[in-house]
Amino acid sequence: DAAAEVAAIRQLVERWRAAWSDQRVEDYLDCYADDFRPAGGRSRRAWARERRQRLLAPGSIDVEVTSLAVELRGGDRARAYFHQRYRTETLNRGTWKSFDLVRGPDGWKIQREQIENGPPS
């Protein structure tokens with residue numbers, strides 16, 4: 001049922017946001033598919049190592065997600081678009097972001113993420 005799939009994707013995005021804000025590294029990394037493709041051609045292992053260091057750096061992190069839109073793409077694929085506000089003691093930045101999602105045995109996971117120029121049209 002489409003409404004249940006959209007709700008499950010919304011829960012994933014919220015789990016991702018909360019894990020990042022709370023600096024719970026393993027919960028954060030668990031939101032990503034095993035075949036997640038990081039930007040810039042890095043390996044998933046190198047990306048995970050970098051994310052672990054950033055999330056565990058001293059200081060607070062606050063991530064806010066607004067304007068979440070979900071597009072089901074048939075079968076086990078979907079895309080989520082949203083506006084992300086990221087705040088630390090030294091940074092306050094807002095960006096539009098999208099996740100390409102894949103559904104596997106453990107539910108929906110992030111397979112690819114990218115910065116967008118604005119909201120979906």
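This is a predicted model: local features need pLDDT of at least 70, side-chain atom pairs count only at pLDDT 80 or more; totals for chains, interfaces and linings use all residues.
On one side of helix 3, Arg45, Gln53 and Leu56 are exposed. Helix 3 covers residues 44–56, 13 residues in all. From its first C-alpha to its last it reaches 18 Å, close to the 18 Å expected at 1.5 Å a residue.

Now turn to the other side. Trp47, Ala48, Arg51 and Leu55 are the buried residues of helix 3. They take up an arc of only 95° around the axis, so they sit on the same side of helix 3. As a general rule, an α-helix has 3.6 residues a turn, so residues three or four places apart point the same way. What do the buried residues of helix 3 pack against? Their partners are helix 1 (2–21), helix 2 (25–29) and strand 4 (107–116).

Next come the strands. If you want a spot to check by eye, Glu64 stands opposite Arg85 in strand 2.

Strand 2 also pairs with strand 3 (residues 92–104), again in the antiparallel sense, over 11 bridges. Here too there is a hairpin with 4 residues between the strands, and His83 stands opposite Trp96 in strand 3.

Strand 3 carries on to strand 4: the two pair in the antiparallel sense over 9 bridges. Their hairpin has 2 residues between the strands. Lys97 has Ile115 in strand 4 as its bridge partner.

## Aromatic rings

How many aromatic pairs does the structure hold? There are 11. One of them joins Tyr28 and Tyr32: the ring centres are 5.4 Å apart and the planes are at 55°, so the pair counts as tilted. Both Tyr28 and Tyr32 are buried.

Ring pairs also link up into a cluster made of Trp16, Trp20, Tyr28, Tyr32, Phe36, Trp47, Phe82, Tyr86 and Phe99.

Definitions and conventions: Residues are numbered from 1 along each chain as its sequence is written. Side-chain values use heavy atoms; hydrogens and water are left out. Two strands pair if DSSP finds at least two bridges between them. The expected span of a helix is 1.5 Å times one less than its number of residues. Buried means under 20% relative accessible area, exposed over 50%, partly exposed in between (1.4 Å probe, protein chains only). The arc is that of the directions from the helix axis to the C-beta atoms. Contact means heavy atoms within 4.5 Å. Rings of Phe, Tyr and Trp (its six-membered ring) pair if their centres lie within 6.5 Å; planes under 30 degrees apart count as stacked, over 60 as edge-to-face and the rest as tilted.
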